[in-house]
Amino acid sequence: MISKQIVRMQEPRRLTPDDMDERRIIYPESSNRTLVNRFRDLRTKLLEASGGNNFTIVVSSTNRGAGTSFVALNLAAAFAFDQSKTAVVIDCNLREPSLHSTLDIMPETGLTDFLDDPDYDIARILYPTGIPRLRLIPAGSRRETPSEFFTSFRMKQFLQAVRRRYPDRFIVLDTAPITDSPDARILSELCDYAMLVVPHGRVTPNQVEQAATAFNPKKFVGTVING
């Protein structure tokens, strides 16, 4: 059953297949079947872990340039393949936000603006991506002291509000590397799961182990090798 909320979701623009290919974003008809199937497999494994329930997940990495945003965006896109589900990807990398650029969106407001103002309407920071059933919440205009934003009670309220807005929504948080800041670890405590992106051939097993053990083992679902 497709909910009335999903049916009412407006798509003021649609990214073309060429747009998606250029941005390395998966879509059901993509000719890059290997990439599509890998993200479908990842989605399936996460759904098995959750018992088929919707969830929130933090995506972080061992180091900069590992491809965290690439994995977070495509994982969210894979969840949005299902016409009875929606997904939102939230750019929580306040120091180096990139998702709005990838999706060619020029946001006026975002996450930090919502967290700053208790009267802010969450609808103002949910942006159509050009991908059906997928929304973006960009980082916002303020990017100082991210950890203070993420430890606030307002952040907890925010995640609860996003979950309530669409009960059929998967929420993916794109965060800074776990080795660069405490942001990912802090956010993982507010979410159901945490996942680590590891760049192929660029880190040692010891570095991967150190990064993975920074997460609560009850939340950590594993690593994705990117490259």
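**Close-up 1. Glu-96 and its salt bridge with Arg-64.** In this predicted model, Glu-96 has a relative accessibility of 43%, so Glu-96 counts as partly exposed. Glu-96 pairs with Arg-64 in a salt bridge, and their closest N and O atoms are 3.3 Å apart. Where do the two partners, Glu-96 and Arg-64, lie? Glu-96 is in the loop between strand 2 (86-91) and helix 5, while Arg-64 is in the loop between strand 1 (56-61) and helix 4 (68-80), so the pair ties together parts that are 32 residues apart in sequence.

**Close-up 2. Arg-163 meets Asp-192 in a salt bridge.** Here the side chains of Arg-163 and Asp-192 come together, with 3.2 Å from N to O. Arg-163 belongs to helix 8 (residues 153-165) and Asp-192 to the loop between helix 9 (183-188) and strand 6 (193-199), so this pair ties together parts that are 29 residues apart in sequence.

**Close-up 3. Arg-23 and its surroundings.** Find Arg-23 in helix 2 (residues 17-23). Which residues does Arg-23 contact, leaving aside its neighbours within four places in sequence? They are Leu-15, Thr-102, Leu-103 and Asp-104. Take Leu-103: this residue is 80 residues from Arg-23 along the chain, yet their C-alpha atoms are separated by 7.7 Å.

**Close-up 4. Asp-104 in a salt bridge with Arg-23.** The side chains of Asp-104 and Arg-23 meet at 4.0 Å, N to O. With a relative accessible area of 52%, Asp-104 is exposed.

**Close-up 5. Two cysteines, Cys-92 and Cys-191, that are in no disulfide.** How many disulfides does the structure hold? The count is 0. For Cys-92, the nearest cysteine sulfur is that of Cys-191, 7.7 Å away.

**Close-up 6. Ser-60, a buried residue of strand 1.** Look in strand 1 for Ser-60, which is buried, with a relative accessible area of 0%. What lies 3.0 Å from a polar atom of the Ser-60 side chain? That is the backbone nitrogen of Ile-178. Not counting residues up to four places away in sequence, Ser-60 touches a group of residues that includes Thr-68, Pro-177, Ile-178, Met-195 and Phe-215.

**Close-up 7. Helix 4, enclosed by the rest of the structure.** Helix 4 has 13 residues. From its first C-alpha to its last, helix 4 reaches 18 Å, close to the 18 Å expected at 1.5 Å a residue. How many of the 13 residues of helix 4 are buried? The number is 13 of the 13, so helix 4 is largely enclosed by the rest of the structure.

Terms used: Residues are numbered from 1 along each chain as its sequence is written. This is a predicted model: local features need pLDDT of at least 70, side-chain atom pairs count only at pLDDT 80 or more; totals for chains, interfaces and linings use all residues. Side-chain values use heavy atoms; hydrogens and water are left out. Helices (H or I, at least four residues) and strands (E, at least two) are DSSP runs, numbered from the N terminus. Contact means heavy atoms within 4.5 Å. A disulfide is a pair of cysteine sulfur atoms within 2.5 Å. Buried means under 20% relative accessible area, exposed over 50%, partly exposed in between (1.4 Å probe, protein chains only). The expected span of a helix is 1.5 Å times one less than its number of residues. A polar contact is a pair of N or O atoms within 3.5 Å; within protein, one must be able to donate a hydrogen and the other to accept it, and residues adjacent in sequence count only if both atoms are side-chain atoms.
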